[in-house]
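Take a moment with the sequence and the 3D view below. Then we will walk through the fold step by step.

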Amino acid sequence: MTGQNQADADGPGASELRGARGRLGGLLAALPPRGPQRLFAWVLLVNWFGIALLLTSSVLYFTRVAHLSAAQVGVGLTVAGLIGMTAGIPVGDLADRRDPGTVLRATMLVQAVATFAYLFVHNFIAFIVISVVDLLAMSASLATAGALTRRVGGHDLAEATRYRAITRVIMNVAVSFGSVVSAIAIGLDTPDAYRALLLGNALSYVLALVIARRLPRYAPLPKPAKSKRWTAIRDVPFLAATTLNGAMTLQMSVLMLPLPLWVVDHTHAPRWTASVALVINAIIVALLQVHIGKKVPTLRQGGRALRRAGLYFLVSCSAIGLAAGLPKWAAFAVLCGAVIVHSVGELWHASATFTLEFGLPPAHAQGQYQGLAGIGRDAARAAAPAILVGAVLSAGRGGWIWLGIFLALAGLLGPAVTRWGERTRPPDAEMSSADVTPGRAPEMKS
């Protein structure tokens, strides 16, 4: 603002308009700089646009076109998901010992082939086999992409976590556009429409792979002399941080799993309130993720961000529960307010996760640590339906309050776990500017 007199002269609402323009300008200015960072952002944009094509349509394809039962699809995806989780650590370790870009392209190629193979699935056994291959490649791809994000993001932890915050915004935008295309195909509800989504997903992997070929090669980073092979699974403080983050990752499913059922079955709010909630969440993430991420540049601040996130979730979950029994528009207003609070908590949680998952692992083992962190998140997503739909909703209003208390308690442990992890880091855990120089292995720091 330029002062009250200027605001008055511009007329009512002008200052708010300037603020919105400033926020949009800041968002555009936050785009990654030209070079590897922007190039990798394009890879993620294309990749996640393709993933979004199948987020809500894949189950419909398997039941309506491949003629599998809903039970077969559920069992198959659960089995494949459990097996798929095992790929993250070994393939992440491979990315540490090779160029992570090369490994990422290999995983994308496998995903493209697996997705194309779904077009020929007509029985349960074929579905299981292809799903296992697909989700093994997905887990491997996520671990490798995490390691590559750290190398591309920069030598400084704050710089790297800011870049990861930017890529999260980009991935959310990609998912939003992909979901719109998916919704159009679902509206058509024809076999060819669902097949087109599968082909689109397969082609997105190929296009992302082609773009990723332009990334520089990143040589493996040297290990300390006494470093053991599987450092991630031996790192007890990081295991504790992964467990803690896994518990808090339950919040990521709140708006998608229990909230729609709660709105329809337990409140007088309009049925479309849950859809509005997702829009609110997407807007807040797009506008504020980078801004919040700047406030969490160190491990200590990451621990405090977990604590703050837990308190936000306590408020938001309790408010969702208290919306039951309110009049229609009062319930709608309370739920929208709860979603805003929840979304801000999500931003603090995500920012803390970025810092901890980049700051705690040693530079030479980012891939296997990212794979271990992915197992924690995947386990939380696997448990989410039973906990959030089974336990929370069955307990009614009290279930939401207890969920908020659980997330708050998990967040309160954040600072202590982070301090523990920080105390146990070796002196060479931080990357230097040489560590991220593409194409050559850096010298060890003395």
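Contact here means heavy atoms within 4.5 Å. Keep that cut-off in mind and look at Val 254. Setting aside residues up to four places away in sequence, Val 254 touches Leu 259, Ile 320, His 342, Leu 388, Trp 400 and Leu 403. Bear in mind that this is a predicted model.

Now step back to the whole chain. What is it built from, helices or strands? The chain has 19 helices and 0 strands. Its length is 446 residues, and buried residues make up 51% of them. Contacts also reach along the sequence. Of those with a separation of 6 or more, 85% join residues 24 or more positions apart.

Next comes the interior. In soluble globular proteins, nonpolar side chains tend to be buried together. In this model, the largest nonpolar core has 54 residues. Val 254 is among the residues with the most contacts inside it, and so are Leu 259, Ile 320, Leu 335, Trp 348, Trp 400 and Leu 403. Which helices supply at least two residues each to this core? They are H12, H13 (258-266), H14 (273-293), H15 (299-322), H16 (328-359), H17 and H18 (397-412). H16 gives the most, with 11 residues. There is also a second, separate core of 24 residues, and it includes Leu 39, Leu 44, Val 169 and Ala 286.

Let us see how some of these helices pack. Two packed helices are described by the angle between their axes and the distance between the axes. Start with H12 (residues 236-248) and H17 (residues 366-394). Their axes come within 8 Å and cross at roughly 30 degrees. Angles under 35 degrees count as roughly parallel, so H12 is roughly parallel to H17. The crossing of H12 and H17 is right-handed. On the H12 side, the meeting residues are Phe 238, Leu 239, Thr 242, Asn 245 and Gly 246. On the H17 side, they are Tyr 369, Leu 372, Ala 373, Gly 376, Arg 377 and Ala 380. By class, this contact has 6 nonpolar, 4 polar and 1 charged residues.

H17 also meets H16. The axes of H16 and H17 come within 9 Å and cross at roughly 140 degrees. Why are they called oblique rather than roughly antiparallel? Roughly antiparallel requires an angle over 145 degrees, and H16 and H17 are therefore oblique to each other. From H16, Thr 353, Glu 357 and Phe 358 take part. They meet Gln 366, Gln 370, Ala 373 and Arg 377 in H17. By class, the contact of H16 with H17 has 2 nonpolar, 3 polar and 2 charged residues.

Some single residues are worth a stop. Ser 316 is found in helix H15. Is Ser 316 buried or exposed? Its relative accessible area is 0%, so Ser 316 is buried. Leaving aside neighbours within four places in sequence, Ser 316 is in contact with Ala 338, Val 341 and His 342. Ser 316 and Val 344 are 28 residues apart in sequence, and their C-alpha atoms are 9.9 Å apart in space.

Leu 135 sits in helix H8. At 24% relative accessibility, Leu 135 counts as partly exposed. Beyond four places in sequence, Leu 135 touches Leu 77, Ala 80, Gly 81 and Gly 84. Leu 135 and Leu 82 are 53 residues apart in sequence and 8.9 Å apart in space, C-alpha to C-alpha.

Finally, visit the loops. Asp 156 lies in the loop between H8 (124-153) and H9. With a relative accessible area of 35%, Asp 156 is partly exposed. The C-alpha atoms of Asp 156 and Gly 359 are separated by 9.6 Å, although these residues are 203 apart along the chain.

Two other loop residues concern the backbone. Most residues other than glycine have a negative phi. His 67 has a positive phi of about 60 degrees although it is not a glycine. His 67 lies in the loop between H4 (58-64) and H5 (70-84). At 63% relative accessibility, His 67 counts as exposed. Asp 189 has a positive phi of about 55 degrees, and Asp 189 is not a glycine either. Its loop runs between H9 (157-188) and H10 (191-212). At 35% relative accessibility, Asp 189 counts as partly exposed.

Technical notes: Residues are numbered from 1 along each chain as its sequence is written. This is a predicted model: local features need pLDDT of at least 70, side-chain atom pairs count only at pLDDT 80 or more; totals for chains, interfaces and linings use all residues. Side-chain values use heavy atoms; hydrogens and water are left out. Axes are lines fitted to C-alpha atoms, for helices over the stretch in contact, and angles run from 0 to 180 degrees between N-to-C directions. Helices (H or I, at least four residues) and strands (E, at least two) are DSSP runs, numbered from the N terminus. Angles under 35 degrees count as roughly parallel, over 145 as roughly antiparallel, 65 to 115 as roughly perpendicular and the rest as oblique. A crossing is left-handed if the near helix is turned anticlockwise from the far one by less than a right angle, and right-handed if clockwise. Ala, Val, Leu, Ile, Met, Phe, Trp, Tyr, Cys and Pro count as nonpolar, Asp, Glu, Lys and Arg as charged, and the others, Gly among them, as polar. A nonpolar core is a set of buried Ala, Val, Leu, Ile, Met, Phe, Trp, Tyr and Cys residues joined through side-chain atoms within 4.5 Å. Buried means under 20% relative accessible area, exposed over 50%, partly exposed in between (1.4 Å probe, protein chains only).
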